[in-house]
Amino acid sequence: MTELGVKNATLELEILKISIEQRQQELKKHRIIAPVEGVLVPFASIKSMKDRVVKRVETGEMVAPGQPLIAMMKVDKLRIDVLLAVQDINKVRMGGKARVYIEGAGPEPLKAEIVFISPTINGPTSQFHVEVEFDNPAVDMKDQPAGSYPFKYRPGMRARVELDNIASNDND
């Protein structure tokens, strides 16, 4: 009789193991995985979403396909938007070199590159936008608590940008 009880218990254990494996496989189908590394930020911090009404999704709520759940900011490379006078438009080129001086980060400039030149001029101010991009180095996280910001520079820090052949500009 005890031999039958042991066989039943062993069989039930195997069934439970199979059930756990099936549920783990099912869970993998329902994970949300980001396509890039980044930092979660509030929807309000994204310019393109400022005018949209986005409901914050709470744990356990059902969501619709395509519904925004979170906002992620890629921070391994940072961009700075620079306003330039229209007379400088022929002095900038895509891929052109720039130097970024982050306030409080010391005197050494960071190497940057021009990655965007606006195709339009703001008529009233006679200015146009240029974006420069620079690498944001990761920090050593071994002594940091879980969830700490993993990069040296944070979006929104004040900076001064120098573009080749153009006077320096202060930007956030």
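**Notes on a predicted model: strands, rings and salt bridges**

1. Start with Arg99. Its relative accessibility is 27%, so Arg99 counts as partly exposed. The model is predicted, so bear that in mind throughout. Arg99 forms a salt bridge with Glu162, with 3.4 Å between the closest N and O atoms. This pair links distant parts of the chain: Arg99 lies in strand E4 and Glu162 in strand E7, 63 residues apart.

2. Arg99, Arg160, Glu162 and Asp164 are linked in a network of salt bridges. Arg160 has another contact too: its charged end sits over the ring of Tyr101, 4.1 Å from the ring centre.

3. How many salt bridges does the structure have? The count comes to 10. One of them joins Lys77 and Asp135, whose closest N and O atoms are 2.5 Å apart. Lys77 is partly exposed, at 37% relative accessibility. Asp135 is also partly exposed, with a relative accessible area of 49%.

4. Lys17 is partly exposed at 47% relative accessible area. Glu14, at 38%, counts as partly exposed as well.

5. Now look at the strands around E6. Strand E3 (residues 77-85) runs antiparallel to E6, and nine bridges join the two. Within this pairing, Leu78 stands opposite Phe134, and Arg79 stands opposite Glu133. Strand E5 (residues 110-117) also pairs with E6 in the antiparallel sense, over five bridges. There, Glu113 has Glu133 as its bridge partner.

6. Which residues form the covered face of E6? In this strand (residues 127-135), they are Phe128, Val130, Val132 and Phe134. The uncovered face holds Gln127, His129, Glu131, Glu133 and Asp135. Leu78, Ile80, Val82 and Leu84 make up its covered face. Lys77, Arg79, Asp81, Leu83 and Ala85 make up the uncovered one.

7. The structure holds one aromatic pair. Phe134 and Tyr153 form this edge-to-face pair, with 6.3 Å between centres and 70° between planes. Phe134 lies in strand E6 and Tyr153 in the loop between E6 and strand E7 (159-163), so the pair ties together parts that are 19 residues apart in sequence. Are these two residues buried or exposed? Both Phe134 and Tyr153 are buried.

8. Val36, Leu40, Ile70 and Met72 make a nonpolar surface patch of about 350 Å². Val36 is found in the loop between helix H1 (2-28) and strand E1 (39-41). Its relative accessibility is 41%, so Val36 counts as partly exposed.

9. Last, a loop residue. Asn90 sits in the loop between E3 and strand E4 (97-102). Asn90 is exposed, with a relative accessible area of 64%; the cut-off for exposed is over 50%. From C-alpha to C-alpha, Asn90 and Ala159 are 24 Å apart in space, and 69 residues separate them in sequence.

Note on methods:
Residues numbered from 1 in each chain as written. Predicted model: local features only at pLDDT ≥ 70, side-chain atom pairs only at ≥ 80, totals over all residues. Heavy atoms only, no water. Buried < 20%, exposed > 50% of the residue type's maximum accessible area, 1.4 Å probe, protein only. Helix = DSSP H or I, 4+ residues; strand = E, 2+ residues; numbered from the N terminus. Pairing = 2+ DSSP bridges. Patch = residues over 30% accessible without salt bridge, like charges linked within 9 Å, V, L, I, M, F, W, Y side chains within 5 Å. Areas by Shrake-Rupley, 256 points an atom, 1.4 Å probe, with all protein chains shown as cover. Salt bridge = Lys/Arg side-chain N within 4 Å of Asp/Glu carboxyl O. Phe/Tyr/Trp six-rings, centres within 6.5 Å; stacked < 30°, edge-to-face > 60°. Lys NZ or Arg CZ within 6 Å of the ring centre and 35° of its normal.
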